[in-house]
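Let's take a friendly walk through a structure together. Have a look at the sequence and the 3D view, and then read on.

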Amino acid sequence: MAKELIRFENISKSFDGTEVLKDLTLSIHENEFVTLLGPSGCGKTTTLRILGGFETPDKGRVMFDGGDITNIPPNKRPLNTVFQKYALFTHMNVADNIAFGLKIKGKDKDHIREKIAYSLKLVGLEGFENRYPSSLSGGQQQRIAIARAIVNEPQVLLLDEPLGALDLKLRQGMQYELIRLKEELGITFVYVTHDQEEALTMSDTVVVMNQGLIQQIGTPEDIYNEPQNAFVADFIGESNLIDGIMIHDCLVNIGGLDLPCVDTGFGNNNPVDVVIRPEDVELDADGNGPIKGTVISIVFKGVHWEMHVESSIGITFLVQTTEHFPVGSVVGINVDPYNIQIMHKPSSEDAQVFDQLETIPGEDL
Amino acid sequence: MNRSRTRFLATPYIIWVIGFTVIPLMFIVSKSLTDENGSLTLANLLAIFDPLHRKALVISVLLAFLSTVICILIAYPLAIILRGSRLTDKNLILFILILPMWMNFILRILALQLLISNNGIINNMLGHFGLPPLAIINTPAAIVLGMVYDYLPYMILPVLNSVLAIPQDVIEAAQDLGSDKKHVITRIIIPLSLGGVGSGITMVFVPSMTEFVIANILGGGKIQLLGNIIEQEFTVTRNWNLGSGLSVTLMAFVLITSLIFGRGTEDTATGITL
């Protein structure tokens, strides 16, 4: 793993008595694409704003490259931000927007002109120097905002839901562009979004947050395949979240039925959360399988069909398959033991944090 | 909705404008172009070059300019401080600022006269502390003070509005790119609020330039603004032709200034146009 660049140490922050961040500790490494992912109000934007210098934490400190930057104002930090609503200077043309930071640093004219041309080329808007922001589309404005930030060669680029205001097609295109940009620039990206697809597509590391707490840190694959708690499983992709009882290692009981699984270390006869992804539920047209079910609804989703299947064990499964089963058909339900995810039931909010503290440091720090 | 059905709603206003603006204006213009016998002449318009009138015009422009600059210098810091403050109720501050506007402006000027006259409240208080009296009354300074006192809200409102309308993330973007506080003010806040200043200038400069009541009360009749001369031509000398000629000249001046400063307002949606 690359060298650690940023470390949030025990950050807490409240607004008007509401605690937005609760003792957050997080490491970000050099040249890493980290995404803070979570629903609105989870504290992800506050975390980014603390890193950008726009908010001061109530408790804790922010370390950057070994130095404490907690109380350094934004204009003195070696990082730049791309804002959700672009925040371009409407009274300046594109070239002056991009040159803004370089002029403050007192770079000479030729250098600035070269850098403007280079950064416009990077974002695919060559020749836009003399245009004004008001004459640009949303996508073009966001590219200029990115050019304006990266032209300063920051060590870290902060992106606050930068694609949130763009339409779907443009958003998908920009995702690939951001990945390419990061590779060309070779700098650290800290990205904030509530869109799990964005997070999974672009990130090296995803930090899932909820209610001011980190729920899970991992690669997109980890987060999707091995969610650590019910919140993550539910937030990332779609899932069947079922109450179960861990009979013993590798055997879980749901709805009165014992199913083999591969998880261990959950004790004997303990209540657990069971997650089964909709694409992992296999349906058998001849009715063969440990669980019997009846299709109660079916919707075409493009790549697959999405069904609700009422089962004999009292659970309605969400199922995605490429096969079509008419409503009312009786099917057998199979789940591969590898596709049954077992998770601890959090006894309280704090219990979730302690889970984190036990698992994360060993992995990353 | 049918346009012809709604158009009649403008009738009261059209009658008002024709009766009280268009017809008097035509009357003034026709008077300005004729002498007392009714024959055509340019003498009334050229009368502005008469040394007495020229001096009055220069003083009018100068005092109006000074008042406008002072209003800007007061309004901008206030707007920037209010923007930066964490006060949740900016409307309350705004209310306090525009409260004087609820009072008749002649009353306010008379009150100001009481305050700053040679035996007024301020000089009495200064005397108590053994300080020398201020001899402001009947000076150009008193007139400027009166103009600023009267017209300041008309500068504060549009300036404050346009400063408050600048999105917070634009200011944060500037800080993020390396701007310190001063740089943010000169490069972001001021350029982005020029529309409001344009409106403010129009609303302060124009009435200040045509002012004569403040000059009468606080200037003691010693300082002649062009407005005072026009007033006298109509009411004392009864030379309506000359009064009209000077009025038209002054109107042309006002129109030019409004055009210059009004243009900025169209470009930026942030300024209020009144």
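## Domains of chain B

Domain bounds, as used here, come from an automatic or database domain assignment. For chain B that assignment gives domain 1 (1-32) and domain 2 (43-267). Taken over C-alpha atoms, the centres of domain 1 and domain 2 of chain B are 30 Å apart. Domain 1 of chain B puts 4 residues into the contact, and domain 2 of chain B puts in 8 residues; two residues are in contact if their C-beta atoms, placed from the backbone, lie within 7 Å. On the domain 1 side of chain B, the touching residues are 2 nonpolar, 1 polar and 1 charged. Here Ala, Val, Leu, Ile, Met, Phe, Trp, Tyr, Cys and Pro count as nonpolar, Asp, Glu, Lys and Arg as charged, and the others, Gly among them, as polar.

## About the model

This is a predicted model, in which local features need pLDDT of at least 70 and side-chain atom pairs count only at pLDDT 80 or more, while totals for chains, interfaces and linings use all residues. Residues are numbered from 1 along each chain as its sequence is written, and chains are lettered from A and ligands numbered from 1 in the order in which they are written.

## Chain B as a whole

What secondary structure does chain B have? Chain B has 14 helices and 0 strands. Helices (H or I, at least four residues) and strands (E, at least two) are DSSP runs, numbered from the N terminus.

Along the principal axes, the C-alpha atoms of chain B fill a box of roughly 70 × 70 × 35 Å. Of its 274 residues, 35% count as buried, meaning that 20 or more other C-beta atoms, placed from the backbone, lie within 10 Å of the residue's own.

## Where the chains meet

Between the chains, 15 residues of chain B are in contact with 16 residues of chain A. Helices H9 (168-176) and H10 (181-192) of chain B each supply at least two residues of the side that touches chain A. H9(B) gives the most, with 6 residues. By class, this side of chain B has 7 nonpolar, 4 polar and 4 charged residues.

## Two helices in chain A

Helix H2 (residues 94-104) and helix H3 (residues 109-122) of chain A pack at an angle of about 125°, with axes 10 Å apart. That angle makes H2(A) oblique to H3(A), because angles under 35 degrees count as roughly parallel, over 145 as roughly antiparallel, 65 to 115 as roughly perpendicular and the rest as oblique. Axes are lines fitted to C-alpha atoms, for helices over the stretch in contact, and angles run from 0 to 180 degrees between N-to-C directions.

Terms used
Buried ≥ 20, exposed ≤ 12 C-beta atoms within 10 Å, placed from the backbone.
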